[in-house]
Amino acid sequence: VEAVHLIADGKAPRIPQPKEGATYEGIQKKENAEISWDQPAAALHNWIRGHDKVPGAWATIDGQAVTFYGSSLLDASVPTGQELEIKGASRPGLVTKNGLVIFGNDGKMVLVRNLQFQDGKMIPASKYFSADDTAALELTEEEKKMAEDIR
């Protein structure tokens, strides 16, 4: 009760929390999450995974920042795929049916499953080169009637 009265009267002691021993890390910023490509595959994977979902590890592809999500280490032979130039990477990535394969400086691979563009659009990494293809939605007569009923 005494503590409540001290607070209500504005007389409670104010002791600043010491910085020593604090473990809080500040909020990560997007500009600090750029991928540094001169690392082994395990470090690239940990960087992407550690920044997944916020703020998102990113790299420059075709002049725009592209954010990488859903990485895993890939322990197999180099898959076939379409090459994708990534700014700063010593070796181009490969867009495969499973996602984007990137390479560490040790020659090992990381598979990235999803990519997000600056406009917020997220796609499966395997669809990078077909991202611009859009199919028009065709409704059957029954679906058109249902849509009209819903409206």
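Residues are numbered from 1 along each chain as its sequence is written, and side-chain values use heavy atoms, with hydrogens and water left out. Because the model is predicted, local features need pLDDT of at least 70 and side-chain atom pairs count only at pLDDT 80 or more, while totals for chains, interfaces and linings use all residues.

**The annotated stretch**

UniProt, in an unreviewed entry, places "domain: Formyl transferase C-terminal" at residues 29-130; UniProt positions are in the numbering used here, feature names are shortened, and annotations may be inferred rather than shown by experiment. That span is 10% helix and 38% strand, and its end C-alpha atoms lie 30 Å apart. Helices (H or I, at least four residues) and strands (E, at least two) are DSSP runs, numbered from the N terminus.

**The cores**

A nonpolar core is a set of buried Ala, Val, Leu, Ile, Met, Phe, Trp, Tyr and Cys residues joined through side-chain atoms within 4.5 Å. Buried means under 20% relative accessible area, exposed over 50%, and partly exposed in between (1.4 Å probe, protein chains only). The largest core has 23 residues, and Trp37, Phe68, Leu100, Ile102 and Leu115 touch the most other members. Helix 2 (41-50), strand 1 (57-61), strand 2 (64-74), strand 5 (99-103) and strand 6 (109-116) each give two or more residues to this core. There's also a second, separate core of five residues, including Leu94, Val101, Met109 and Leu111.

**Strand 1**

Five of the five residues of strand 1 are buried, so the rest of the structure largely encloses it. Ala57, Ala59 and Ile61 sit on one side, with Trp58 and Thr60 on the other. Strand 1 runs antiparallel to strand 2, joined by five bridges; strands pair if DSSP finds at least two bridges between them. Ala57 stands opposite Phe68 in strand 2. Two residues lie between the strands of this hairpin, where Asp62 takes a positive phi near 50°.

| Residue | Element | Relative accessible area |
|---|---|---|
| Leu115 | strand 6 | 0% |
| Thr96 | strand 4 (residues 93-96) | 7% |

Contact means heavy atoms within 4.5 Å. Leaving aside neighbours within four places in sequence, Leu115 is in contact with residues including Val66, Phe68, Leu100 and Tyr128. Thr67 is 48 residues from Leu115 along the chain, yet their C-alpha atoms are separated by 5.5 Å.
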